[in-house]
Amino acid sequence: TKMLAEIIDKFYIDRVKDREQHHFYITDAGRCQRAIFFKFKNVPREQMAPEILRMLDHGDYVQMQILNTLFSLGLVRAAEIPIPPQELISGRADAILTLNNELYVVDFKSMNSLIFKSLKEPKEENVYQLQLYLHFFKIKKGILLYVNKDTLELKEFLIEYDPKLAKRLLDELKELKKKIDQNIIPARLKDWPENRQCQYCQFKEICKLAGRHELKWEEFKRKVKLQENLGENLTS
């Protein structure tokens, strides 16, 4: 019989298995285009360990706790708000608050003590996400609120809307959409494999196999078929 730990692990693994992607999420902004391409094509990826998935869940609970406090203070105008529907991208902002008679989009990010202590400025990818929320909600200011999961300490960064940056991020996603539709695998990151995204990427091995430059998806699948370890797993 399965004992509890095994049953709980299976729940987390099944929840993320083969989650095929059909449109962009706000979290894709500024991210490695090749990894996003592979997600769209549902390429077999390295499984995330159940304990990492549980930690992500724990982060959500920590954020709910802080949101409850903000509700109690009467600051929250809306929570978990989807961006206005459009074809390119979808996403939900954590909260829109009123502070000193001004509207702010707030995005919570939780992390462990080690990362929290070394945080001197907001992470670039978090700024990108917030810029797109500001763009779609037509709000001029946002706050990135980082939470230390171990001690519940907080760090906050005020972010002003930057229309040029928001436009660049959306243009990059439009270009990537064309590549996905035309079955062209994007080039890998210029600073591969040193880039921080590469360290945690679930497509490490397959990216190495694809080489540095752009290439056609069909061509790559032919190449992969020669690699016995991947066999017939790639979807069309």
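Helices here are DSSP runs of at least four residues, numbered from the N terminus. The model is predicted. Two packed helices are described by the angle between their axes and the distance between the axes.

Helix α6 spans residues 163–181, and helix α2 spans residues 33–40. Their axes come within 11 Å. They cross at roughly 45°. Angles of 65 to 115 degrees count as roughly perpendicular and those under 35 as roughly parallel; α2 is therefore oblique to α6. The crossing of these two helices is right-handed. On the α2 side, the contact is made by Gln33, Ile36, Phe37 and Phe40. On the α6 side, Glu172, Leu176, Lys179 and Ile180 take part. Five of the contact residues are nonpolar, one is polar and two are charged.

Helix α6 also packs against helix α5, which covers residues 124–137. The axes of α5 and α6 come within 9 Å. Their crossing angle is roughly 100°. The two helices are therefore roughly perpendicular to each other. From α5, the contact draws on Tyr128, Gln131, Leu132, His135 and Phe136. From α6 come Leu165, Ala166, Arg168, Leu169 and Leu170. By class, the contact of α5 with α6 has seven nonpolar residues, two polar and one charged.

Empty space was examined next. Rolling a probe the size of a water molecule over the atoms shows where such space is left. The second largest pocket holds about 300 Å³ of space. Its lining comprises 19 residues. Arg31, Cys32, Gln33, Glu172 and Leu189 lie nearest the centre of this pocket. Helices α2 and α6 each supply at least two residues of the pocket lining. Helix α6 gives the most, with five residues. The lining divides into nine nonpolar, eight charged and two polar residues.

Two backbone features lie in loops. A cis peptide bond joins Trp192 and Pro193. Its omega is about -5°. Pro193 sits in the loop between β8 (184–185) and α7 (196–199). Asn42 is not a glycine, yet it has a positive phi of about 55°. Asn42 is placed in the loop between α2 and α3, the latter running over 50–72.

Definitions and conventions. Residues numbered from 1 in each chain as written. Predicted model: local features only at pLDDT ≥ 70, side-chain atom pairs only at ≥ 80, totals over all residues. Heavy atoms only, no water. Axes fitted to C-alpha atoms, helices over the stretch in contact; angles between N-to-C directions. Parallel < 35°, antiparallel > 145°, perpendicular 65-115°, else oblique. Left-handed = near helix turned anticlockwise from the far one by under 90°. Contact = heavy atoms within 4.5 Å. Nonpolar A, V, L, I, M, F, W, Y, C, P; charged D, E, K, R; others polar. 1 Å grid on protein atoms, 1.4 Å probe; cavity = no way out; pocket = protein on both sides within 12 Å on 5 of 7 lines; lining within 4 Å. Points joined across faces, edges and corners; volume = space filled by probe spheres on them.
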